[in-house]
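Visitor: I am new to this structure and would like a close look at a single part of it. Could you take me to the place where the ligand sits, and then show me what lies beyond?

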Amino acid sequence: MNPFLELGIRHEVVNAISELGFEKPSPIQEKAIPVLLTGNDDFVGLAQTGTGKTAAFGLPLLEQLDFSQKHPQALVLCPTRELCLQIAKDLQNFAKYIDNVHVVAVYGGANISDQLRQIRRGVQIVVATPGRMLDIIGRNAIDFSNVKYVVLDEADEMLNMGFQEDINNILSETPDEKKTWLFSATMPREVRRIAQKYMNDPFELTVGTKNTGNANIEHHYYLIKAKDKYAAFKRIVDSNPDIFGIVFCRTKIETQDIAEALIKDGYNADSLHGDLSQQQRDKVMKRYRDRSLQLLIATDVAARGIDVNDVTHVINFSLPDEVENYTHRSGRTARAGKTGISLSLVNVKELSKIRHIEKIIGKPFEKKQVPQGAEVCEKQLFSIVKKIENVEVNDEQIAPFLPAIMENLESLSKEDIIKRFASLEFNRFLDYYKNAPDLNIEAREGSREDRGDRRDGRSREGSKGYTRLFMNLGSVDEFTRGDMLGFICNNANISGKSIGKIDLKGVFTFFEVQDAEVEKVFQGFQGVDYNGRQVRIEVSGEGRGEGRGGDRGRSRGARRDGGYRSDRGGRRDGGFSGERRDRGERRDRGGNGGGFRDFSGRRKESKSKY
Ligand code: ADP
């Protein structure tokens, strides 16, 4: 039996949500729906954005309203126009197979007479932003005397935006017996106060830990000098060619500056901020949703309520002034059970803010290194190779030109042609990143960061007592660091403790081995093939290894997936040895609940991400 039916949702609604792809309730839905269906209690639900709150309150509402009547019975208040439209649309979709359901979205910045007309025609559910709602109440254009349920969605956001007074005034228009359902991602004092003031012994539900960020979000930070921020940001973007991100700035001016600089530098970017007219904002949002924009540069206020799935990265170009806002920003990624990365560019002075945010989200940040110029080039190169591999060829249309093309390229070998095609775009990056400096800085001596990252700091030379080796397999062969550790240990028959830093690159890897065990590694890998390719080990710096990518051509030829998805996916549990866990970057690739390989033929299953 469908789990939503079991919860008490009627067939018509279950059919509609099945069409939307809802197979089983999300945790907040599973817990909230039975409580809200009784209709007896006030309710406080603490959950992050993207956890499915709309259905958590929307489905119970649909069960309890009387749609034969045409007066307002439920009022949903939310902070932004975007969210308002989204909730109204979701409710309409859920109610697709129920007759006579009327939902109106009431929000500022749009023609009020249309909204008034809809209200006059008769509605049961009003979804509204507080300002416009008050305006309509002020015109005596709505009768709330039959309202049974008031939902305060993203209550913390509404208070952040200064709607406290408006909410008070609106609530005073509704009957005392109504039930109030409050949802919030965080529980600051002000929200607590609202709960105390307007609710009667509410049923409280927390999904995840209070104030905790979504577990599917990885939090990274990059430590750089303030003056290098834009350059570092570009490197990160360039080394994630498939990025679909929201970039947060503190001020309108900053959003505009960054967007302009990015556009000038050839990126698909635009800005979203409060100075834009509603029409301009809609246009930008449409382009972002359609993915003609890859980067949306936004202020906190403008980005509130943005509900776009598949955002891969939230980039805190500037950390928010209010630490609480960090949770809202990062909640724009990893929606609907997906994974995502929230990254912050910080200077030494801002480190304390990162520590503060860690406390609030209850999760540590991972310190990441800004990619070196050469690494960015490598990522771009493979992105180009992947594009060439996957491009759709329209045989019919290209056929008439082929003879001439062939003739022109006749003198070139296949290898030359490949090189030239790849270079078309790649040269731009090579030029740009030629002589690009290292942008990373280390925190002060003896500080927590310094201790934490010592192992990273020694990556170039190889540590005392260790030899740095090169191997011609890397992340494009679908290795994570954990995989690589297992691969080395299994073949060389040595313990994980003998391995030092593993520096996994695209088509090759550097790793440190205790001097005493080096010979075993050479012995162990003699004659070993991986996917039909001979595994080659060299002492780093000898042969062609250190000059970045000895044997790249051969390795590239043997790539199986042609993809560079290393920044997605995001599992970080499990591993070969506990000691290694805290060194970061233990990631499975390819997302969808896959496990990581442990080279003993088993696949460990990952936990369901809901
Ligand atoms: P919130 O209100 O908590 O920010 P939403 O209600 O907007 O989150 O839900 C986030 C996304 O997850 C939406 O795209 C929604 O359609 C989807 N979703 C919600 N519940 C489920 C479910 N049970 N199964 C699959 N997808 C869901």
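Guide: Happy to. Let us begin with the shell around the ligand, which draws at least three residues from each of domain 1 (3-206) and domain 2 (217-372). Please keep in mind that this is a predicted model.

In this model, 18 residues surround the ligand, and the closest are Lys24, Gln29, Gly50, Lys53 and Thr54. By kind, the shell divides into 5 nonpolar, 10 polar and 3 charged residues.

Now look at individual atoms. At lysine 24, a polar backbone atom is 2.9 Å from a nitrogen atom of the ligand. Glutamine 29 uses its side chain instead: an N or O atom there is 2.8 Å from a ligand nitrogen. Glycine 52 comes in through its backbone, where an N or O atom lies 3.1 Å from an oxygen atom of the ligand. As for cover, on its own the ligand has 560 Å² of accessible area, and the protein covers 85% of that.

From here, let us turn to the aromatic rings. A pair of aromatic rings is described by the distance of the centres and the angle of the planes. Across the whole structure, a search finds 18 aromatic pairs. One of them joins phenylalanine 43 and phenylalanine 203, which are stacked, with 6.3 Å from centre to centre and 5° between the planes. Phenylalanine 43 belongs to strand β1 (residues 43-46) and phenylalanine 203 to strand β7 (residues 203-206), so this pair ties together parts that are 160 residues apart in sequence. The two partners can also be described by their cover: phenylalanine 43 counts as buried, at 0% relative accessibility, while phenylalanine 203 is partly exposed, with a relative accessible area of 34%.

A tilted pair is formed by phenylalanine 479 and tyrosine 530, with 5.0 Å between the centres and 45° between the planes. Phenylalanine 479 is in the loop between β15 (466-471) and α23 (481-492), and tyrosine 530 is in strand β18 (residues 529-530), so here the parts tied together are 51 residues apart in sequence. Both phenylalanine 479 and tyrosine 530 are buried.

Next, the backbone. Most residues other than glycine have a negative phi. Aspartate 201 has a positive phi, near 40°, and is a residue other than glycine. You will find aspartate 201 in the loop between α10 (189-198) and β7, and it is exposed, with a relative accessible area of 65%. Glutamate 154 is not a glycine either, and its phi is positive at about 50°. The place to look for glutamate 154 is the loop between β5 (149-152) and α8 (155-160). This glutamate 154 is buried, with a relative accessible area of 6%.

Our last stop is a helix. In α11 (residues 229-238), 8 of the 10 residues are buried, so the helix is mostly covered, given that buried means under 20% relative accessible area. Its buried residues include Ala232, Phe233, Ile236 and Val237. Lys229, Lys234, Arg235 and Asp238 are among the buried residues of α11 as well.

Definitions and conventions. Residues are numbered from 1 along each chain as its sequence is written. This is a predicted model: local features need pLDDT of at least 70, side-chain atom pairs count only at pLDDT 80 or more; totals for chains, interfaces and linings use all residues. Side-chain values use heavy atoms; hydrogens and water are left out. A residue is near a molecule or strand if one of its heavy atoms lies within 4 Å of it. A polar contact is a pair of N or O atoms within 3.5 Å; within protein, one must be able to donate a hydrogen and the other to accept it, and residues adjacent in sequence count only if both atoms are side-chain atoms. Accessible areas come from the Shrake-Rupley method with a 1.4 Å probe; for residues, only the protein chains shown count as cover. Ala, Val, Leu, Ile, Met, Phe, Trp, Tyr, Cys and Pro count as nonpolar, Asp, Glu, Lys and Arg as charged, and the others, Gly among them, as polar. Domain bounds come from an automatic or database domain assignment. Rings of Phe, Tyr and Trp (its six-membered ring) pair if their centres lie within 6.5 Å; planes under 30 degrees apart count as stacked, over 60 as edge-to-face and the rest as tilted. Helices (H or I, at least four residues) and strands (E, at least two) are DSSP runs, numbered from the N terminus. Buried means under 20% relative accessible area, exposed over 50%, partly exposed in between (1.4 Å probe, protein chains only).
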